[in-house]
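Please examine the sequence and the three-dimensional structure shown below. The paragraphs that follow lead from a pair of strands to the nonpolar cores.

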Amino acid sequence: MSSLRVALIASMRFPIAEPFAGGLEAHTWALARALTRRGHRVHLFAAAGSDPALGARELPVRRVVLSAAARSDTSMPGIAWMEEHHAYLGLMLELARDGEDRFDVVHNNSLHYLPVAMASALRVPVITTLHTPPTPGLESAIQTGDECPVTFTAVSRFTASSWRPTVRAARVVRNGVDTDFWTPGPGGGDLVWSGRMVPEKSPHLAILAARAAGVPLLLAGPIADRRYFEETVEPLLGKGATYVGHLTRRRLAALLGTAAAVLVTPEWDEPYGLVVAEALACGTPVCGFDRGALAEILEPAHGLLAPPGDVEALATLIPRVMTLDRRDARRRAVGFCSLDRMADAYTSLYEEVTR
């Protein structure tokens, strides 16, 4: 396996650093480290404040200075939108100038449209991973020319299928977790919910299900939507439901490993579900709603799924899930969603597109 020079483009909305703002940041961090361990030279373009151990280079954000006349224009977008737009524009122009001299492949893990729209200006292969359901920005970018030169991957079969009207063939490379870090724990008596505190993740439904099942619940994750948390989640805390904060990976791994089961309660179609892979790696079975790609990861031996949004059905499944064999959960993580499998798949794809 030859060493490759990889330009890894991250989302600039949040730093690629612990504690991670979400699954996308955790994925990018883990991928950069895994590729580096394999001997590849990874150059990460990311938001300010990203982990210096990754050798990240801050995306070229230039503070926008606008005249009063420009600011008063009714077509004026938000400053944050403009700064993000110009950061990716600056990066793609830079790569168009001399990217082929510095890199063998560009792997775009951002959600921005410009790395796709401007890929034809580069003389180096571009791979884009589809992490979300279809967005208007990316769909329109794919249609910029007669034929999009980008090679696409998707994080699940479900996500690949949802993009099929625009992307005819996206190779499925599932997100992986480091099974040397996320290691089996002894289990315990509590349930755990982990993720961003936002309506589409619906931690409030996890509280209702756990309470109906009579099992204590610990909730961990960043409060990404303060209003939702204060109005919907916080009033339900207490009576067996406790918010333990936004945890580092090490503390989260310890929490997952000492849980009887992990609840996953999306009210949107999960493109993948990284917390499911993390839980399984810690030997902890999963109970959740059957949305998006979750059914691709979970099998009855290590997880059970209720109909979407059905809190009563979810509560009924919880006692059954708590009895599942933790060894089956761990085996699933190692065999199906490990970081090694993901990094090997991406390395093979890099070698394929650079031949």
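**Strands and cores**

Val 106 stands opposite Val 126 in strand 5. The model is predicted: local features need pLDDT of at least 70 and side-chain atom pairs count only at pLDDT 80 or more, while totals for chains, interfaces and linings use all residues. Residues are numbered from 1 along each chain as its sequence is written, and side-chain values use heavy atoms, leaving out hydrogens and water.

Strands (E, at least two residues) and helices (H or I, at least four residues) are DSSP runs, numbered from the N terminus. Strand 4 (residues 105–108) pairs with strand 5 in the parallel sense over 3 bridges; two strands pair if DSSP finds at least two bridges between them. Strand 5 also pairs in the parallel sense with strand 6 (residues 151–154), over 4 bridges. From strand 5 the chain crosses through helix 5 (residues 136–142) to strand 6, and this β-α-β crossover is right-handed, meaning that, with the strands pointing away from the viewer, the path from the first strand over the helix to the second runs clockwise.

Of the 5 residues of strand 5 (residues 126–130), 5 are buried, so the strand is largely enclosed by the rest of the structure. Buried means under 20% relative accessible area (1.4 Å probe, protein chains only). Val 126, Thr 128 and Leu 130 lie on one side, and Ile 127 and Thr 129 on the other.

A nonpolar core is a set of buried Ala, Val, Leu, Ile, Met, Phe, Trp, Tyr and Cys residues joined through side-chain atoms within 4.5 Å. The largest has 58 residues, and Trp 182 and Leu 280 are among those with the most contacts inside it. A second, separate core of 32 residues includes Met 118 and Ala 141.

Methods:
Buried means under 20% relative accessible area, exposed over 50%, partly exposed in between (1.4 Å probe, protein chains only).
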